[in-house]
Amino acid sequence: MAEEDAMVEGGCLCGAVRYEAGGTPFHATFCHCRTCQMAAGAPLVAWVTFAAERFRWTKGSPTNFASSENVARGFCGSCGTTLTYDSSEHPDEIDIAAATLDNPAASPPGDHIWVRSRQPWMRCDDGLPEYQTRRE
């Protein structure tokens, strides 16, 4: 199967919400922004981006929260798992919380963004590029 035809699957902790995405993932990153920290209750969130047209919910549907003017964050309304980040500034893309993939090891992050918001007790010594805000 060609990589552009490959499908990945994933879902929430309780199994109520499932999805699939196809094509080549891009922009796999660790995000340290304060909004991600608050939404996930964690010091960072690993995201991987797919083309929105190749993404679909296969079981259930998420609850969405408008965390900022142009952003809807999808999460499971039953167990609270962070699932997606959807920005109207990038309507052709959808970010998936990498740890919700059935095989998260297949999409390792390639950098760190919003490190100016990194918690001082969070140490990152993986050698990946770091950006104070967005990727340049």
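Tryptophan 114 has a relative accessible area of 21%, so it counts as partly exposed (buried is under 20%, exposed over 50%, partly exposed in between, with a 1.4 Å probe and protein chains only). Keep in mind that this is a predicted model, where local features need pLDDT of at least 70, side-chain atom pairs count only at pLDDT 80 or more, and totals for chains, interfaces and linings use all residues. Residues are numbered from 1 along each chain as its sequence is written, and side-chain values use heavy atoms, with hydrogens and water left out.

Tryptophan 114 sits in the segment after β10 (112–113); strands here are DSSP runs of E, at least two residues, numbered from the N terminus. Its phi is near 55°, a positive value in a residue other than glycine. Most residues other than glycine have a negative phi. Histidine 27, in strand β3, also has a positive phi, near 55°, and is partly exposed at 39% relative accessibility.

Now for two residues with polar side-chain partners. A polar contact is a pair of N or O atoms within 3.5 Å; within protein, one must be able to donate a hydrogen and the other to accept it, and residues adjacent in sequence count only if both atoms are side-chain atoms.

| Side-chain pair | Polar contact |
|---|---|
| Glutamate 20 and arginine 56 | 2.7 Å |
| Threonine 29 and aspartate 111 | 2.4 Å |

Glutamate 20 belongs to strand β2 (residues 18–22) and is buried, at 15% relative accessibility. Setting aside neighbours within four places in sequence, its contacts (heavy atoms within 4.5 Å) include Met7, Val8, Arg54 and Phe55. Threonine 29, in strand β3, is buried too, at 3%. Beyond four places in sequence, threonine 29 touches Val45, Trp47, Pro109 and Arg135, among others.

What about the nonpolar cores? Each is a set of buried Ala, Val, Leu, Ile, Met, Phe, Trp, Tyr and Cys residues joined through side-chain atoms within 4.5 Å. The largest has 17 residues, and Tyr19, Val48, Phe55 and Ile96 touch the most other members. At least two residues come from each of β2, β3 (26–31), β4 (45–51) and β9 (93–97), with β4 giving the most, three residues. Apart from this core lies another one, of eight residues, including Cys31, Cys33, Cys36 and Val45. As for phenylalanine 55, its contacts outside four places in sequence include Tyr19, Glu20, Ile94 and Ile96.

Notes: Helices (H or I, at least four residues) and strands (E, at least two) are DSSP runs, numbered from the N terminus.
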